[in-house]
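Colleague: Could we go through this model together? I would like to begin with what joins the two chains.

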Amino acid sequence: MKVAVCKGFWDMLPLNLAVLPWGILCGSLAVQNGFTPLEAQLMSLLVFAGSAQLVAIELIAKDTTLITLLATTFIISARHLLYGLAIRNKMIDKPLKWRGPIAFFLTDELFAFSHHHRAYQGKLRLVYALIAGGSFYVAWNLWTLIGIVAGQFLPDLTNLGLDFAIAAIFIALVVPSINALPVLCACLTSAVTILVFKLIHFEFGLIASALLGMSVGYVLQSKKERV
Amino acid sequence: MITTILAMACVTFATRYLFLAKQLPFTIGPKLQRFLSFSAPCVLTAIWVPIVFIQDKQLAITPSNPYLVAATVAVILAFRFKNLYVTTFGSLAVFYLLY
């Protein structure tokens with residue numbers, strides 16, 4: 001048990017630290033745009049979605065209609081549908097006391113640690129996921145709080161290059177999982193298509209490039225198993 | 001404002017919980033599961049690649065892009081050591097030498 005708790009904590013720690021500038025930004029930007037400190041904190045406590053929060057703060061400040069705001073939130077969050085689907089088989093037989101919190105903590109960051117074929121199998125792996133996801137939640141809210149309290153005294157930390165740390169961590173998680181041609185081609189497809197989608201500002205680019213890469217992987221894997 | 005925040009929270013939680021709900025009666029067959037087995041590598045790739053390759057909204061495939069050089073180091077370290085901390089801190093060191 002202690003091993004699962006420690007591993008969850010230490011695995012997520014680099015990401016917890018790497019998102020510090022964006023957590024602070026979420027807090028300080030909210031307060032600057034007329035949120036009360038409580039409302040700013042509630043965004044991180046309840047919505048708990050970095051990119052959606054940042055976009056929403058700007059939309060709310062511009063007095064966008066609620067329906068536009070929610071539609072935008074949905075577009076940014078749509079990738080989580082894929083995460084839920086991907087871990088459904090592993091999670092669906094678990095009681096709500098596990099599924100509820102894990103779903104709530106199911107960020108990009110937690111999903112990054114969900115790829116192992118035995119992830120979420122057995123109590124220890126569930127505890128691991130809960131600690132990893134939960135520690136990210138605590139860190140995100142702590143950084144938001146710092147942004148709310150001290151944002152006006154802090155320089156913009158998002159240009160310190162910590163986005164590279166996030167990229168490095170994801171590389172560290174992806175590359176070892178590339179153990180065969182289908183998954184290599186799947187990743188290369190996603191890599192090329194996301195760059196195209198980003199450059200043409202296609203809003204569903206992330207999910208579209210993921211689905212395209214997955215399709216390539218699926219086709220190649222199916223061919224491989226037939227011969 | 002609180003209502004707006006609650007409504008947003010419903011949207012983000014719904015996208016995360018929907019396919020983990022038992023009320024949604026469907027099972028994922030072996031074919032869909034095979035398709036989904038590529039989701040994590042593909043999504044993570046689609047998140048890190050733009051951070052590295054796009055600078056100031058433009059493609060930056062040049063040796064003067066510190067993100068690209070350090071990411072190359074990260075890929076090599078990850079391939080060689082398969083260790084989260086070695087890859088992260090090794091490539092981060094290279095990144096800040098160049099940044």
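Modeller: B:Arg34 and A:Glu225 form a salt bridge, with their closest N and O atoms 2.5 Å apart. A salt bridge here is a side-chain nitrogen of Lys or Arg within 4 Å of a carboxyl oxygen of Asp or Glu. This is a predicted model, in which local features need pLDDT of at least 70 and side-chain atom pairs count only at pLDDT 80 or more, while totals for chains, interfaces and linings use all residues. Residues are numbered from 1 along each chain as its sequence is written, chains are lettered from A and ligands numbered from 1 in the order in which they are written, and side-chain values use heavy atoms, leaving out hydrogens and water.

Colleague: How many salt bridges does the rule find across the interface of chain B and chain A?

Modeller: The rule finds one.

Colleague: And how many residues does each chain bring to the contact?

Modeller: Chain B brings 65 residues and chain A brings 88, where contact means heavy atoms within 4.5 Å.

Colleague: What area do the chains bury between them?

Modeller: The two chains bury about 6900 Å², of which 77% lies on carbon and sulfur atoms. Buried area is the accessible area (1.4 Å probe) that two parts lose on being put together, summed over both. On the chain B side, B:Met8, B:Arg16 and B:Leu20 supply 12% of the area buried against chain A, more than any other three residues.

Colleague: Let us turn to chain B itself. Which helices and strands does it have, and in what order?

Modeller: Chain B has five helices and two strands, in the pattern α-α-α-β-β-α-α along the sequence. Helices (H or I, at least four residues) and strands (E, at least two) are DSSP runs, numbered from the N terminus. The radius of gyration of chain B is 20 Å, well over the 13 Å that the globule rule gives for 99 residues, so chain B is more spread out than a compact globule. That radius is taken over C-alpha atoms, and the globule rule is 2.2 Å times the number of residues to the power 0.38.

Colleague: One more topic: is A:Leu157 buried or exposed?

Modeller: A:Leu157 counts as buried because its relative accessibility is 18%; buried means under 20% relative accessible area, exposed over 50%, and partly exposed in between (1.4 Å probe, protein chains only). A:Leu157 is in the loop between helix H9 (123-150) and helix H10 (162-174) of chain A.

Colleague: What does A:Leu157 touch?

Modeller: Leaving aside residues up to four places away in sequence, A:Leu157 touches A:Leu20, A:Pro21 and A:Ile24.
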